[in-house]
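Subject: Structure for you to look at

Hello,

Here is the structure I promised, with its sequence. Please open it first; my notes follow below.

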Amino acid sequence: MTPLRLFLNTALALIVLMDSGMVNAQSIDVKVGLATPVMPANAENTAFLRVALTGFELDSSGPRAPLNVALVLDQSSSMSGDKIARAKEAAIMAVSKLSANDVVSIVTYDSNVRVLVPATKAVNKGRLYDAIQSIRANGSTALFAGTSIGADEVSRFLSRKKVNRVVLLSDGMANVGPDSPKELGELGRALAKKGMSVSTIGLGLGYNEDLMTQLANYSDGNHDFVKNSADLARVFDREFGDAMSVVAQDVTINIVCEGGVTPIRVIGRDATIIGQRVTTRVNQLYSAQQNYVIVEVRVPASKAKSEQPLASVTVVYNNMATQKPDTKTDSVAVRFSDNSEQVKGSIDKVAYESAVEQIANLETQRALELRDEGKVAEAKATLTNNASYLESAAQLLSSPKLSRQSDESKAESEAVAQDKKWNEARKQIKEKTYKRSKQQERQY
């Protein structure tokens, strides 16, 4: 081989390797784990499957997917004073972060809805700032209509290549138009089907946290409880930071159980189970963030020292870096043993901890329902038992995280009996359970 040809071949190989590395770096990671990868032999077992999706890291100096966002701001009379002033400051700060490729609209609502700035590229920031500064508090709260009109503005530039989002701020009850959590939840579901997410920010102690979490739920939008208006800038900054770090959208997770394994339920997330197949969705995945799905399965008895496939997973998503559909796969197997120490020693602590966290989260939600029904003693007992369950798992796994959650559950068991502080405590618990179910407890 001539020196020239050798050089060309080497250069080509390097290019291929570099290109391959770039592709791998710009793909989400999918990892399937089993809380108990070794199970007792000769007995039917219940197990927890964990499917983890991790977003690839974006280069902070590189390009990102453009935003198509509607800011929908409550300007009802209850927002007067410091609330509206802080909301305008936070909105201006958020808009200042946008680039010329981003699309933004400004919508306000009281008894009526006003489109202050129709959807437009964020080129003339001065016009946007002036529109926000013009907002004045007055009237009632047409929350449903405000969200719908904001979504209409997003629809004008709707694209799979953009991060399409409605950001809703409210401090009060929806009292004009549809006002139930079910109706707002259905609106959120409809917008999710169009490719939008809805993030909700509840300000103060007068809003309906059930309505706001339901609206966000079906599209995997964020939900934040902001007690003090001084914290609005921090929450808006985090919300727009999330939107700017989306690396995957329209994520569909298909799980096929094998070898007679039967799926029982998906914990903490809506899913469809047909036979041995489970399908669920994650609307978006952020850079360097991990989302996971916990599936409880029934595993038939098998002989000691045997091994069998348990499940295979296929994840299909829209890659926001390459702007192309992408697919990732993984699988997991289970082994059987008649040695109890081997079974215990094999525990996958990460998968086990996640399963415990989501099971406990469901119990906390059940305690809220009991408290709403006036069954205070039952709610308190549920949270007390939940604390014991979390602490036992914390000791088994040496998990500080579960131990902290056990302490939280103990505090919540006391809070349910305090009528005067229950409104605030309920909003805090509702926000916490929502974030845990969506794995949105992020540090900034």
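Contact here means heavy atoms within 4.5 Å. Bear in mind that this is a predicted model.

First, the overall picture. The protein chain has 12 helices and 16 strands. Its C-alpha atoms fill a box of roughly 80 × 70 × 35 Å along the principal axes. The radius of gyration is 24 Å; a compact globule of 444 residues would be near 22 Å, so the two agree.

Of the 444 residues, 50% are buried. Take the contacts with a separation of 6 or more: 77% of them join residues 24 or more positions apart.

Then the surface. The protein chain exposes about 19,800 Å². Carbon and sulfur atoms supply 51% of that area. As for charge, there are 54 positive and 51 negative charges, and their mean positions lie 3 Å apart.

Which residues of α2 are buried? They are Ile84, Ala87, Lys88, Ala90, Ala91, Ile92, Ala94 and Val95. Note that Lys88 is in that list.

What do the buried residues of α2 pack against? Three strands are among the partners: β4 (67-74), β5 (103-109) and β7 (163-170). The helices α3 (125-133) and α7 (232-243) are partners too.

Best wishes

How values were computed: Residues numbered from 1 in each chain as written. Predicted model: local features only at pLDDT ≥ 70, side-chain atom pairs only at ≥ 80, totals over all residues. Heavy atoms only, no water. Helix = DSSP H or I, 4+ residues; strand = E, 2+ residues; numbered from the N terminus. Rg over C-alpha atoms; globule rule 2.2 N^0.38 Å. Buried < 20%, exposed > 50% of the residue type's maximum accessible area, 1.4 Å probe, protein only. Areas by Shrake-Rupley, 256 points an atom, 1.4 Å probe, with all protein chains shown as cover. Lys, Arg positive; Asp, Glu negative; His and termini not counted. Charge placed at Lys NZ, Arg CZ, Asp CG, Glu CD.
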